[in-house]
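Hi everyone, thanks for coming. Take a moment to get the picture up on your screens, and then I'll walk you through a few spots.

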Amino acid sequence: MQSFTEIEEKSLNAVNKWYQEYQKIEYFNQKKVLNAFRECRINYQHFQLTSGYGMGDVGRDTLETLWSKIFKSEDSLIRQQIVSGTHAISLALFAMLLPNDEIVFLGKPYDTLFKVLGETDKDPGTLRELGVKVKFHPLSDIEGLTKTVTKTTKVLYIQRSKGYEFRNALTIKEMENIISKVKKQYPNIIVFVDNCYGEFTETMEPLEVGADLIAGSLIKNPGAAIAPSGGYLSGRGDLIERAAYKLTAPGVGKEIGPSLISNSTLYHGIFAAPHVVAEALKGTIYIASIMQILGYKILPQIEDTRSDIVEAICFEDAEKMKSFCRGIQKYSPVDSYVYLEPWEMPGYSDEVIMASGGFVEGSSIELSADGPLREPYVCYVQGGTSFTYIKLVMDSILQEEWGIV
Ligand SMILES: *Cc1c(COP(=O)(O)O)cnc(C)c1O
């Protein structure tokens, strides 16, 4: 067994080597974001609250313009009233799909999406009830995708991040290959990307390589733990308009939606995101390296290209997984005294254990670890707004909980 100091030194080396490369990505993204702020002439007027309908809310509207510049889209819908990533994705699905339309999912979508699709004929308000045809295509067979997708397919759904699968995120380069291959044969298809956890991990975003619409959560990467709530959609103007009609009502669409909390938190969040994502990744690599040294299978591997902030650790043992999550919880700034138990969460079919003791409830750009309690007991760890803090937590788990000295 190696000593703590040996493990620490090796892992810090892994972090430093990776970070030399990654600094360029952070710099590029920070510049892109800053330029958008300057072009949009952001000022204090944009941080004011509005009430009621929120007509003529310049803070809200300008935030959407800013977002479109950063993510290279025609239009965006960034709302405090979008409650979660699942909500944003669900809005996108109902905006794109009509009865008898067909959607092809590349890979297994995130767990909560199955409730949106509808598991039985009786589930109300689902895509199934609407009469949408759903097909799945395995990620392992990109070659065969243009056979599952046909000229009757309306939407191709791609999930960038790993979700609760033991795989790497799809990189921008991989998405570019997939999208260009499919669009070459079916130019009218709508490509949707679930962009949760992917923002600012690379220099480009999916809309720059041919996606038509993306969605994500503001309590993940683009909110940088500063935004207290919200979700976003960005992409083709006609699709954003349809999504806005679903969020509010046809006719009013984007025109209404009050800023009941100051948009300064959302502006500050997107501004801080490139740096916070870099800190989170740095911490994640430290954790990954340690877990690898301890003999666990991890994905991504240290040297892999990252396109999300999530590290998957395969524990192959329920108790060990729980002990890791409990450690993350114990060394959190909020709810540190809480003893975690796996629980049935709305939207998930297996029991899930979730460690998160950040300032925004459920926020997973803050240090958090979660996973369904099913074999092979893979835990997903992500977030953390400072490398120092993440290292402190991991060191404490090693030394205090697992007795490695
Ligand atoms: C987190 C996540 C979601 C769902 O977001 P919630 O805010 O938890 O509803 C969807 N897809 C992926 C890939 C995610 O990581």
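Some ground rules. This is a predicted model, where local features need pLDDT of at least 70 and side-chain atom pairs count only at pLDDT 80 or more, while totals for chains, interfaces and linings use all residues. Residues are numbered from 1 along each chain as its sequence is written, and side-chain values use heavy atoms, with hydrogens and water left out.

Okay, the ligand. Which residues are around the ligand? The list includes Ser84, Gly85, Thr86, Tyr110, Asp194 and Lys220, where being around it means having a heavy atom within 4 Å. Now some polar contacts, meaning pairs of N or O atoms within 3.5 Å. Gly85 uses a backbone N or O atom, 2.8 Å from an oxygen atom of the ligand. Lys220 brings a side-chain N or O atom to 3.0 Å from a ligand oxygen, and for Ser84 a polar side-chain atom sits 3.5 Å from one.

Next, helices. Two packed helices are described by the angle between their axes and the distance between the axes. Helices here are DSSP runs of H or I, at least four residues, and strands are runs of E, at least two, numbered from the N terminus. Axes are lines fitted to C-alpha atoms over the stretch in contact, with angles from 0 to 180 degrees between N-to-C directions.

Helix α2 (58–71) packs on helix α9 (264–293) at about 15°, axes 10 Å apart. So α2 is roughly parallel to α9, a label for angles under 35 degrees. On the α9 side, the contact (heavy atoms within 4.5 Å) is made by Leu266, Tyr267 and Ile270. Its residues split into 9 nonpolar, 2 polar and no charged; Ala, Val, Leu, Ile, Met, Phe, Trp, Tyr, Cys and Pro count as nonpolar, Asp, Glu, Lys and Arg as charged, and the others as polar.

α9 also meets helix α11 (387–401): their axes come within 8 Å and cross at roughly 20°. That makes α9 roughly parallel to α11. Among the contact residues are Glu279 and Lys282 of α9, and Lys391 and Asp395 of α11. By class, this contact has 9 nonpolar, 1 polar and 4 charged residues.

Last, the backbone. The Leu299 to Pro300 peptide bond is cis, omega near -5°, and Pro300 sits in the loop between β8 and β9. Glu375 to Pro376 is cis, with omega near 0°. And Phe200, not a glycine, has a positive phi, near 70°.

Definitions and conventions. Angles under 35 degrees count as roughly parallel, over 145 as roughly antiparallel, 65 to 115 as roughly perpendicular and the rest as oblique. A polar contact is a pair of N or O atoms within 3.5 Å; within protein, one must be able to donate a hydrogen and the other to accept it, and residues adjacent in sequence count only if both atoms are side-chain atoms.
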